[in-house]
Amino acid sequence: MLEGRAVVRESDMPMEMQSRVMELAYQALDLHEVSDCQSIARYIKQKFDEAYGTSWHCVVGKDFGCCISHLCGTFIFFHVEIMEFLIFKDGKDLNETKEEAIGVMQKNP
């Protein structure tokens, strides 16, 4: 596991959700080899899908670039030492309210 503190580079997520995703990142790093970025990303994505509804995306790696569109209030980009984490929800359902999209009406985890 990487022992460093998570540092947020960019985010528009509510603080509670930011804390949850960083907690999941640490759990994933405990469960998987640091080099297994796909398993780490899958773990975080599945947990966020369960907690906040589907359509979440997670990218984990040491060096990547991207250009994305995301639903307002559902984006975070942070790093823990050398590992970068990008988590966001796409806006597939444009009729969905922001509260529904970010899981304010979520089931209890």
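This is a predicted model: local features need pLDDT of at least 70, side-chain atom pairs count only at pLDDT 80 or more; totals for chains, interfaces and linings use all residues.
**Entry 1: the core.** I began with the largest nonpolar core, which has 27 residues. Val21, Ile44, Phe48, Phe78, Phe85 and Ile87 have the most contacts inside it. I then looked up which elements give two or more residues to this core, and found helices H1 (15-31) and H2 (37-52) with strands E2 (56-61), E3 (76-80) and E4 (83-89). H2 gives the most, with eight residues. Nonpolar side chains tend to be buried together in soluble globular proteins, a friendly reminder to myself.

**Entry 2: Ile44.** Leaving out residues up to four places away in sequence, I found that Ile44 touches Val21, Leu24, Ala25, Ala28, Cys58, Phe85 and Ile87.

**Entry 3: strand E3.** Is E3 buried or exposed? Five of its five residues are buried, so E3 is largely enclosed by the rest of the structure. I checked the directions too: Ile76, Phe78 and Val80 point one way, while Phe77 and His79 point the other. Side chains alternate between the two faces of the sheet in a regular strand.

**Entry 4: partners of E3.** Strand E1 (residues 6-11) runs antiparallel to E3 and is joined to it by five bridges; here Val7 stands opposite His79. E4 also pairs with E3 in the antiparallel sense, over five bridges, and Ile76 stands opposite Ile87 there. The E3 and E4 hairpin has two residues between the strands, and in it Glu81 takes a positive phi near 50°.

**Entry 5: aromatics.** I looked up the aromatic pairs and found five. Phe48 and Trp56 form an edge-to-face pair, 4.8 Å centre to centre with 90° between the planes.

Note on methods
Residues are numbered from 1 along each chain as its sequence is written. Side-chain values use heavy atoms; hydrogens and water are left out. Rings of Phe, Tyr and Trp (its six-membered ring) pair if their centres lie within 6.5 Å; planes under 30 degrees apart count as stacked, over 60 as edge-to-face and the rest as tilted. A nonpolar core is a set of buried Ala, Val, Leu, Ile, Met, Phe, Trp, Tyr and Cys residues joined through side-chain atoms within 4.5 Å. Buried means under 20% relative accessible area, exposed over 50%, partly exposed in between (1.4 Å probe, protein chains only). Helices (H or I, at least four residues) and strands (E, at least two) are DSSP runs, numbered from the N terminus. Contact means heavy atoms within 4.5 Å. Two strands pair if DSSP finds at least two bridges between them.
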